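Please look over the structure shown here with this briefing beside it. The points are grouped by topic, so that each can be checked against the coordinates in turn.

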2 protein chains.
Amino acid sequence: MSDGSGDGGLDGSAPSLRHLRTDLTPVVEAVEAADADAFVAVGDRFDDDLRYLTRFAGPDRAYALVVVPASDGDDATGRAVCCAPALFAEQAEREFVAGAHVRSGGEKHAGSDRDREFHDGVAREVRTENVGDHAGERAAATVAALLGESDSHADPVLLVPPSIPHDAAVYLERDGNELASTDAVTTARARKADAELDRLRRVQRATAAGMARAETVLAASGVGEDGAGRPIVRWEGAPLTTERLRREVNAALAARGVRDAGDTVIGVGPSAADLHFVGDDPIRPGETVLLDVSPRGPDGYRGDMTRTFVVDGDGGWARRAYVAVEAAREAALAEVEPGVPAKTVHGEAAAELAAYGFDPNAGEGETGFTHGAGHGVGVSLHEPPSLTGAGELRPGHVVTVEPGVYDPDVGGVRLEDLVVVTDDGYELLAEYPFGIVPEERG
Amino acid sequence: MSDGSGDGGLDGSAPSLRHLRTDLTPVVEAVEAADADAFVAVGDRFDDDLRYLTRFAGPDRAYALVVVPASDGDDATGRAVCCAPALFAEQAEREFVAGAHVRSGGEKHAGSDRDREFHDGVAREVRTENVGDHAGERAAATVAALLGESDSHADPVLLVPPSIPHDAAVYLERDGNELASTDAVTTARARKADAELDRLRRVQRATAAGMARAETVLAASGVGEDGAGRPIVRWEGAPLTTERLRREVNAALAARGVRDAGDTVIGVGPSAADLHFVGDDPIRPGETVLLDVSPRGPDGYRGDMTRTFVVDGDGGWARRAYVAVEAAREAALAEVEPGVPAKTVHGEAAAELAAYGFDPNAGEGETGFTHGAGHGVGVSLHEPPSLTGAGELRPGHVVTVEPGVYDPDVGGVRLEDLVVVTDDGYELLAEYPFGIVPEERG
């Protein structure tokens, strides 16, 4: 449905051709700072920490990553072993070790150890487990092998993410290791490297293309009547529902090489006030149509954008809300720069909405501003920093700015963009126009 | 790109309008059989056990489910509490408790306790946590509250899935509970209820529509030359690559209301022998094009289908492999009925491939049949039963049947369908034609 090379989407190069590597230095340093012996993570393809650390899209059952700092006198900074199921050996080699496209059939990766070291000096390798072995068992064996090869470690201490699977933790403990949790990965993920920003920009451009499809459909729609004589929005000969519109958005995303990830939220009228509504309502003239599009790109990075439209509106609540939310958006963005407490951005949006007469501290299901002004976005759709949390903005933070106001009896208006904090302010990761009246977008 | 009502896809009704409820009786019975006090699961939206148990699509951070059997003299069978973040309260009520579309804006669910009981007699409710509370902490508090309300439980024993997050397990243990792992959920998930089969059939029909899109593109393609004078497959004025073809498939899936879930595997020539290849290779005449399509439907259920084509082929290895794999498929299917050891199905496929001269026990990267003949499919793409595992087939098991042969230097051929074991044999969940030469489909 597209030649895959359209503007506003991902470019035509293959996901696996574009190098994306993670600097494991913060993990190695966390192990050293804690006077621990290794870092261990266990999870499946849905574990975003592992995806970030390994760049391995992974199997849908548990696999493990073990990182050990180098012993004294070693050339490398450390070693990282991905314990993968045998069926995924080739993929793990390609994504974790080679970090590049390996054409199979004779051109297998056959580099020296030197080739396998990245700029962080951590030597990567893949070890395949026998089917049936638990990933925690494999991780424990790998820890023992790696530590045994260097110094003696009587009672090894392992840093692990807090939510490591319990059975894996038990395997590691039974093997004589002591576990301590670390937030080093979460911290490292919050500030994006240039290669990550590149992925986020691409996905956000595809997000904008999905939004453009929705706006174009709304702009091309007309008004008719349903069986009960109630006015209804129609498109291409049939009533337009949120599900029909969602399918249009998701097909446009797929044609650009990203996927909706089950998160294309479209609310209309009262359901626009429900933050996570995925249903099938008829779209009616005069009601707010709220579209929150947040696809996942081929490298796992997310986009996130919200716009709100009204077909055949007559002003009133929706227009008043739109003006307030646009003002809140600008007030919030004006605060975004390094060193500013993240909460300040939320506070400015809230103050602006209050100035327009909306309750800035409304609870779930109440009328007003019912949520935070933004959250970090990366491999996860929601990750640090939060604009209602502690801490200051720093260069490389990528956050949504998304003020919104809702009236559960009427509808909701939210405007959301994705920005990266730069050295002296912010950059929008993709631009998309504003306006409550839908227009055709090429 | 579709009016959403096409044949072969999902129907137009909204996901949330179609009731899908899980019988929690096996969980209650497992607690009673183990002389335990409660069942606790903690996970996020990517935890398929929780998705199955609650039907709540969930947040991307941890939430919890607590199930306690009724105390003696109670009318109900038990109680189930979903501890959800406050922002998801409405969604959890809708999906976990009401199990039906609740139009917001005044029509909040206000039924009696009776209304909240399903046919399993387990009364459902949602409790919202304060933001910042750990789901494990909330689960521990809920366990204490529920058990405190009934008998005295000096040292409560909680059944948990083995891979419950470690931090949640620690919260539960610190609160004085003893944990024991259970496979009750895994066992319950293996046999599908009628409502689940309905979802699986719908998704598999959408899968077939995605496959039809790919086959149609291949059928409409021609042969040209690349810059180096090598023959190449062209479509709509440009070289056809695996990534272009993948986008076509994924857009067709999206238009039918399902999503590719990042799992549309398309290999060509040597990369067709790589089981998890997601790259961007030019498609060349005479090479095997292997398409493995496994989308996720709105209720979380998966489809899974593989076909293999050759554009402008000249027979040889690919055709010989295709004939062998078709025969293996038929031999395997002929074994599918209740009471048959699952391994028998794999064994028959392997024996047939051996009869055609292919190594039935080839290892990863070798020439021959390199994987198992099938696996269970449900909310997870891979779940019990495995056709290489222990146990017998039982009615309601849904498994792939997918023999394949590969030569890492040449290509791969796999044919995969999804079947449900019936009382006296099997039923294909969707039909899709065979043939190595692509034809235009619908």
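**Briefing on the predicted model**

In chain B, strand β11 (residues 288-293) is joined to β12(B) by 6 bridges, and the two strands run antiparallel; here two strands count as paired if DSSP finds at least two bridges between them. This is a predicted model, in which local features need pLDDT of at least 70 and side-chain atom pairs count only at pLDDT 80 or more, while totals for chains, interfaces and linings use all residues. Residues are numbered from 1 along each chain as its sequence is written, and chains are lettered from A and ligands numbered from 1 in the order in which they are written. Helices (H or I, at least four residues) and strands (E, at least two) are DSSP runs, numbered from the N terminus.

**Strand β12 of chain B**

- Strand β12 (residues 305-310) of chain B is mostly covered, with 6 of its 6 residues buried, where buried means that 20 or more other C-beta atoms, placed from the backbone, lie within 10 Å of the residue's own.
- B:Met305, B:Arg307 and B:Phe309 point one way from β12(B), while B:Thr306, B:Thr308 and B:Val310 point the other way, and all of these are buried.

**The three-stranded sheets**

- In chain A, 3 strands form an open sheet in the order β7-β8-β9, with antiparallel pairing, and its edge strands, each paired on one side only, are β7 (222-225) and β9 (238-239).
- β7(A) pairs with strand β8 (residues 231-235) of chain A over 4 bridges in the antiparallel sense, and A:Glu225 has A:Pro231 in β8(A) as its bridge partner.
- The hairpin of β7(A) and β8(A) has 5 residues between the strands, and in this hairpin A:Gly229 takes a positive phi near 80 degrees.
- β8(A) and β9(A) pair in the antiparallel sense over 2 bridges, and A:Arg234 has A:Pro239 in β9(A) as its bridge partner.
- The hairpin of β8(A) and β9(A) has 2 residues between the strands, with A:Glu236 at a positive phi near 45 degrees.
- Chain B also has an open sheet of 3 strands in the order β7-β8-β9, with antiparallel pairing, and its edge strands, each paired on one side only, are β7 (222-225) and β9 (238-239).
- Strand β8 (residues 231-235) of chain B pairs with β9(B) over 2 bridges in the antiparallel sense, and B:Trp235 stands opposite B:Ala238 in β9(B).

**Helices of chain A**

- The axes of helix α9 (residues 317-334) and helix α10 (residues 342-355) of chain A come within 8 Å and cross at roughly 150 degrees, the axes being lines fitted to C-alpha atoms over the stretch in contact and the angles running from 0 to 180 degrees between N-to-C directions.
- α9(A) and α10(A) are therefore roughly antiparallel to each other, a label that applies to angles over 145 degrees.
- A:Ala324, A:Ala327, A:Ala328, A:Ala331 and A:Ala332 in α9(A) meet A:Val345, A:Glu348, A:Ala349, A:Glu352 and A:Leu353 in α10(A), contact meaning that C-beta atoms, placed from the backbone, lie within 7 Å.
- In helix α5 (residues 166-174) of chain A, the buried residues are A:His166, A:Asp167, A:Ala168, A:Ala169, A:Tyr171 and A:Leu172, and α5(A) is followed by A:Gly176, whose phi is positive, near 95 degrees.

**Chain A overall**

- Chain A has 10 helices and 19 strands, and buried residues make up 58% of its 442 residues.

Definitions and conventions:
Angles under 35 degrees count as roughly parallel, over 145 as roughly antiparallel, 65 to 115 as roughly perpendicular and the rest as oblique. Two residues are in contact if their C-beta atoms, placed from the backbone, lie within 7 Å. A residue is buried if 20 or more other C-beta atoms lie within 10 Å of its own, exposed if 12 or fewer, and partly exposed in between; C-beta atoms are placed from the backbone.
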